[in-house]
Amino acid sequence: MSLAKFAVGAGLSLAASVAVQSPNRVPVSWVPQTPIEGSIALLAVGPDTTRNEISGVRGTVAGEPLHFTRGEDGAYRAFIPVPVGSPGRVFASLEIAKKKGAADQLLVRIPVARREVEVERVRVPGRYVEPPDSALLARIERERAAQRAALNRAHRTQRIWSGKFSWPGLYRVTGTFGARREINGATQSVHLGLDLGAPEGTPVLAPARGVVSLVGDFFYQGKLVYLDHGSGLSTGYFHLSEVLVNRGDTVEAGQAIGLVGATGRVTGPHLHWVARYGRLSIDPQSLLELSELERGMR
Ligand SMILES: [Zn+2]
């Protein structure tokens, strides 16, 4: 991907795609120019080099708050989620506060590329696909709620990582993000994580600095860890044989957080790696490119 090109060319296809309600328009740009669904892009407001009049930027994409920071160049930047299933575009709703006068309200239309997906056929034990009884249903709902709470928490945490996201010590992709799954020949689902193959007991490493926001032993996910990286970003690690951290721990990039296993709904030992912006599922491989996006926009 040629990020340099995007960085130069992204000076906004303003034309008809953006509604600006204030005469004091400032440039809005993003990289990549056409992000793929299920990824993270980087949006910039400003710099407003002539007047230096912006006092802050707020916004949302797909109902998730954005976390803008002001760069040395005076531009405000935030990562934005591009949800799976975006029908060709996503809208960023922005409020640009001014030092004087009313805030600008902008609705920015960002084109989104479709993801090419595979169809995978997997077989799992019947108890994972049969309709759960009421006790199991209650457990699954409790476990969903715990995950939602952990994911929401990342919006209230400052960004605590710097540099880049790395692979979690495992590199062999055995199941791609977004693949449509046929489970036991029937039930269809979308695979909203990245499967990484490794023998049972292989250490799983934190890809970046984070706070452990959830650990547990869940019905579908097995033994799991969630890391809160701040600014809305979380990552999760499922099917572990062992968890090596406690909730509330701060972990550094490269620190072992668990061991690969085959707990929960699995066909064999592997890591199911998930990335979320708020509640939205993102391809974890998109995280590996965040530092390039930031470099490309400077
Ligand atoms: Zn998986």
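# Exercises on a predicted model

Leaving aside neighbours within four places in sequence, Leu-66 is in contact with Gly-59, Thr-60, Val-61, Ala-78 and Ile-80; two residues are in contact if their C-beta atoms, placed from the backbone, lie within 7 Å. The model is predicted: local features need pLDDT of at least 70, side-chain atom pairs count only at pLDDT 80 or more, and totals for chains, interfaces and linings use all residues. Residues are numbered from 1 along each chain as its sequence is written.

**Exercise 1.** Locate Leu-66 and state whether Leu-66 is buried or exposed.

Solution. 
- Step 1: Leu-66 lies in the loop between E5 and E6. Helices (H or I, at least four residues) and strands (E, at least two) are DSSP runs, numbered from the N terminus.
- Step 2: A residue is buried if 20 or more other C-beta atoms lie within 10 Å of its own, exposed if 12 or fewer, and partly exposed in between, with C-beta atoms placed from the backbone.
- Step 3: Leu-66 has 24 other C-beta atoms within 10 Å, so Leu-66 is buried.
- Step 4: Leu-66 and Tyr-277 are 211 residues apart in sequence, yet their C-alpha atoms are 9.7 Å apart in space.

**Exercise 2.** Describe the turn between E4 and E5.

Solution. 
- Step 1: Strand E4 (residues 54-61) and strand E5 (residues 64-65) pair in the antiparallel sense over two bridges. Two strands pair if DSSP finds at least two bridges between them.
- Step 2: Thr-60 stands opposite Pro-65 in E5.
- Step 3: E4 and E5 form a hairpin with two residues between them.
- Step 4: Ala-62, in the turn, has a positive phi of about 50°. Most residues other than glycine have a negative phi, and most peptide bonds are trans.
- Step 5: Ala-62 counts as partly exposed because it has 17 C-beta neighbours inside 10 Å.

**Exercise 3.** Find which strands stand at the edges of the open sheet of four strands, and why one side of each is left without a neighbour.

Solution. 
- Step 1: The strand order is E2-E3-E7-E6, with antiparallel pairing.
- Step 2: Strand E2 (28-31) and strand E6 (69-70) stand at the edges; each has a single partner strand, so one side of each is left without a neighbour in the sheet.
- Step 3: E6 is joined to strand E7 (residues 76-82) by two bridges, and Arg-70 has Tyr-76 as its bridge partner in E7.
- Step 4: Helix H5 (residues 290-297) lies across E2, strand E3 (39-45) and E7, running at about 20° to E3. Axes are lines fitted to C-alpha atoms, for helices over the stretch in contact, and angles run from 0 to 180 degrees between N-to-C directions.
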